[in-house]
Amino acid sequence: MKKTVLAFAGAIALVAALSGCTNAASIGTDAHPEEMHVDNAWVRVSEFSDHAGGMTGVFAEIENHTNGDVTLVGGSAEIAGMVEIHEVVMADGAMAMQKKDGGIVIKPGEIVALEPGGLHVMLMGLKQPILEGDEITLTLDFDGAEDMTLTVPAKASFAGDETYVPEEK
Amino acid sequence: MAKVSRRGFLFGGAAATGAIVASPLSAAAGFAAGSSDAATKAQLAGETAVLDRRAEFYGEHQNGIELELQACTSFVGLTLLPETDLAAAKRWFSLLTDDISRLTKGEPILADATPQLAIGPAGLTVTVGISPEFLNKLGLSRKAPPNFRQLPSFSIDKLREEFSGGDVLLHVSADDPVVLSHAVRSLTRDSAAFASVKYTQQGFANAQGVVPKGVRQRNLMGQVDGTANPEFGTEDFRQTVWIDSGPDWLVGGTMMVFRRIAMKLNTWDALGRVEKEQVIGRDLKVGAPLGKANELDRPDFEATDANGMLVIPEFAHIRRAHVPAAGERIFRRPFNYDQGVTSEGVPNVGLLWAAYQRDIESQFLPIQRRLEQFDLLNVWTSPIGSAVFAILPGVAEGQILGEKLFA
């Protein structure tokens, strides 16, 4: 399958780059070497997102097809007052999420999975409810690559109900 | 937009540690990751050949109709929640379309709770239909095609509400029961905000690798079923099944009759072979019409025996079901069901009988009326569930199922 092969090539490229033995570009089937790829993106619908002023997470797999480190530093969305990059940490014996300082660094050929219970893009201060089956548009801001605008479907998920740790003021 | 699945990502990790990922097209690769032996890989490809069978989702028609029976099936009937309006229904069908496009490729849905179970396509198809009640509830009755209503009641019916009706049908079939279970779970989970499940009717046919392709399967009474069906890919099939005029949202779709037909196997089995063959009108061994040698021979309804008696009796099922006029044909795609045996030793078995045609009034009903009147098989079979659905046309990538209905 193309997908498996691509991921495989990516991993090999990473190994090859580390060992310095071969040109990574000759192994992959990469037609757009300067691009970031965002796959399987969705925004979560929950009781936190069904009202104006609410919040929710966006999840995806992001692959770095460029030749250098790329950092996902933040984003923007028409529907949200604020967009942040969050991580989930253990705090006081429970899983809790907080802003990830410095964003998410993605190495060349690497795929980072944003998923419930882990790294995610947080939409805060929603201007309207997000309903199941809606599509929302957001832009991911990268350092080291072009920003990317996506339209993603809204879906419910039972996984990843962390409490939110507000930033200290 | 998909480039790398979550599963692919995991394999990538395995590859980095030195294992070779073999070429198989599906998650079978995961099982091969520990071995580089070519013979093992070839053997594995053979052992998982059924997993890689894939039905295309995008196209003029939905999948799940013009193809051989899969081994396992589930007819899921859903009832719209009171708050589900037209806009919500469109959002629901948008989710379903995305889910089906992924599941039929053997991939997890977005936000899949168990992506590990999306091991491959395994011939998965999902066919979506809507009922007359769906149109009424959403204020779309002006868009209904002519004659779109539930079947009239027949004297032979013993219909039960829990097997009948439904606003939306998700007919899910696959060649593997685990793949089927995961698909049904995924689709019903994404439907929960819009509809409640009215029934899940599970059935089966022969497993892959058991009967040669093209062989009509035997039902649980032992009869060969589906002999008179139009052949796939023919003009005959197209004219029998696929709608090419009328409301634009239905062009490329078809009309489906879904009947749950219980079999009284214990009394049926009290008959001898000759009596059974008289009831059906076919030889039970090869399925040939009485008086003929082969299954596909045309029945001779005029033939008489040495005593002047009809070889195929007046009451025989194939005589009653025989279609004298070309415009009355239907395409049947029935599965079996088996819900076990009661403590009294009575098998709870029968058919999940599905028929597809352009028009129910002119194609299905004349046949059903003849069967109702004088089909001796009615003694051993009872319709206990009934529903009618308009099967939506297929979609191209980027479209959603029912798009023109919601426009």
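A:L126 lies in strand β8 of chain A, which covers residues 120–126, and in this predicted model the residue counts as buried because 22 C-beta neighbours are found inside 10 Å.

**Around A:L126**

- When neighbours within four places in sequence are left aside, A:L126 is in contact with A:S49, A:A52, A:G53, A:G54, A:M55, A:I79 and A:A80.
- A:K100 is 26 residues away from A:L126 in sequence, and the two C-alpha atoms are 20 Å apart in space.

- The side chains alternate along strand β9 of chain A, residues 135–143, with A:I136, A:L138, A:L140 and A:F142 pointing to one face, where they are buried.
- Strand β3 of chain A, residues 70–77, runs antiparallel to β9(A) and is joined to it by six bridges; in β9(A), A:T139 stands opposite A:S76.
- Six bridges also link β9(A) to strand β10 of chain A, residues 148–156, and these two strands run antiparallel; here A:E135 has A:P153 in β10(A) as its bridge partner.
- β9(A) and β10(A) form a hairpin with four residues between them, and in the turn A:G144 has a positive phi of about 105 degrees.

**A loop residue for contrast**

- A:E35 sits in the loop between α1 (2–19) and β1 (36–45) of chain A, and it counts as partly exposed because it has 16 C-beta neighbours inside 10 Å.
- Although A:E35 and A:H51 are 16 residues apart along the chain, their C-alpha atoms are separated by 35 Å.

**Nonpolar cores**

- The largest nonpolar core has 107 residues, and those with the most contacts inside it are A:V58, B:L170, B:A183, B:M256 and B:F389.
- Helix α5 of chain B, residues 86–103, supplies the largest share of this core, which is seven residues.
- Apart from this core lies another one, made of seven residues, among them B:V279, B:I280, B:L290 and B:I312.
- B:A183 touches B:L103, B:L124, B:V126, B:V172 and B:A174, if residues up to four places away in sequence are not counted.

**Chain A as a whole**

- Chain A contains one helix and eleven strands, and from the N terminus on its elements run α-β-β-β-β-β-β-β-β-β-β-β.
- Of the 169 residues in chain A, 38% count as buried.
- If one takes the contacts in chain A between residues at least 6 apart in sequence, 67% of them join residues at least 24 apart.

**Chain B as a whole**

- Chain B has 13 helices and nine strands, and buried residues make up 44% of its 407 residues.
- The C-alpha trace of chain B spans about 80 × 55 × 50 Å along its principal axes.
- The radius of gyration of chain B is 23 Å, which agrees with the value near 22 Å that a compact globule of 407 residues would have.
- Among the contacts in chain B between residues at least 6 apart in sequence, 74% join residues at least 24 apart.

Key
Residues numbered from 1 in each chain as written. Chains lettered and ligands numbered in written order. Predicted model: local features only at pLDDT ≥ 70, side-chain atom pairs only at ≥ 80, totals over all residues. Buried ≥ 20, exposed ≤ 12 C-beta atoms within 10 Å, placed from the backbone. Contact = placed C-beta atoms within 7 Å. Pairing = 2+ DSSP bridges. Core = buried A, V, L, I, M, F, W, Y, C linked by C-beta atoms within 7 Å. Rg over C-alpha atoms; globule rule 2.2 N^0.38 Å.
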